[in-house]
Amino acid sequence: MQANYWHDKWEKGEIAFHQFKGSPLLKAHFSALELPQGSRVFVPLCGKTRDIAWLLANDHHVVGAELHEPAVQQLFHDMEIQPDVIQREDLGLVHYHATVNDRIVDVYVGDIFQLTPELVGKIDGIYDRAALVALPLEVREKYTSHIRKLSSTAPQLLISFDYQQHLMPGPPHCVNAEEIAKHYADDYIIQLLASVDVEGGLKGKVPAKEEVWLLQKRS
Ligand SMILES: C[S@@+](CC[C@H](N)C(=O)[O-])C[C@H]1O[C@@H](n2cnc3c(N)ncnc32)[C@H](O)[C@@H]1O
């Protein structure tokens with residue numbers, strides 16, 4: 001059900017979430033994660049985001065997960081990278097892999113819940129933009145627990161939306177401070193880095209704030 005929804009959106013070209021120049025909020029706030037060069041950054045539900053190119057250009061390795069294979073093909077096409085494509089029928093996944101200027105990019109095509117810590121390997125940081133907010137409430141609990149397990153609670157830069165959910169059905173869903181705390185406060189210290197008005201409203205109609213959170217593992 002959930003997968004069909006997204007395949008349908010991609011096929012119809014209804015991808016208003018895609019930012020052709022990448023996210024200005026990533027560029028403004030990524031340094032808050034304080035990751036050294038050569039860190040491995042996980043980008044869940046990555047679509048064909050240009051942010052992956054930015055992370056590679058800024059000397060990080062990237063691991064992505066995305067359901068819709070043509071989006072991943074487009075991602076590599078846009079980066080002018082020819083990936084190796086490895087079928088993982090045992091896991092129901094396809095693994096796109098490439099090395100660019102000594103930086104490695106791995107994107108797993110399929111359901112993120114098929115990924116295991118052994119498969120993805122070490123993750124130093126997570127960049128969640130339009131991932132948690134893409135999922136319905138009943139999946140968000142499972143997602144946040146899965147993300148923690150996959151990454152050993154790696155620090156996160158999380159970008160979410162806060163708005164009156166009753167004014168519009170998601171996605172993107174409203175995931176406010178209270179809900180973020182519910183999912184993550186036991187394991188992370190949560191800090192709000194920025195809260196900006198969405199220009200013209202979400203989907204051009206609903207007043208909303210786009211919020212940037214830094215999540216750091218509790219010691
Ligand atoms: C709102 S888009 C965000 C894409 C990207 N993060 C960006 O900023 O452009 C959400 C993406 O998640 C993908 N997706 C949804 N459910 C998924 C799942 N269970 N596993 C992997 N990808 C999924 C969709 O195909 C879609 O590309």
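Reader: Where is Leu45 placed?
Author: Leu45 sits in the loop between β1 (40–43) and α3 (51–57). Helices (H or I, at least four residues) and strands (E, at least two) are DSSP runs, numbered from the N terminus.

Reader: What kind of model is this?
Author: It is a predicted model: local features need pLDDT of at least 70, side-chain atom pairs count only at pLDDT 80 or more, and totals for chains, interfaces and linings use all residues. Residues are numbered from 1 along each chain as its sequence is written, and side-chain values use heavy atoms, with hydrogens and water left out.

Reader: Is Arg129 buried or exposed?
Author: Arg129 is buried, at 17% relative accessible area. Buried means under 20%, exposed over 50%, partly exposed in between (1.4 Å probe, protein chains only).

Reader: And Leu45, how accessible?
Author: Leu45 is partly exposed, because its relative accessibility is 23%.

Reader: Which strand holds Arg129?
Author: Strand β6 (residues 125–129).

Reader: What does Arg129 touch?
Author: Leaving out residues up to four places away in sequence, its contacts (heavy atoms within 4.5 Å) include Phe17, Asp51 and Glu210.

Reader: New topic. What does UniProt place at Leu45 and Arg129?
Author: The unreviewed entry gives "binding site" at Trp10, Leu45, Glu66 and Arg129. UniProt positions use the numbering used here, feature names are shortened, and annotations may be inferred rather than shown by experiment.
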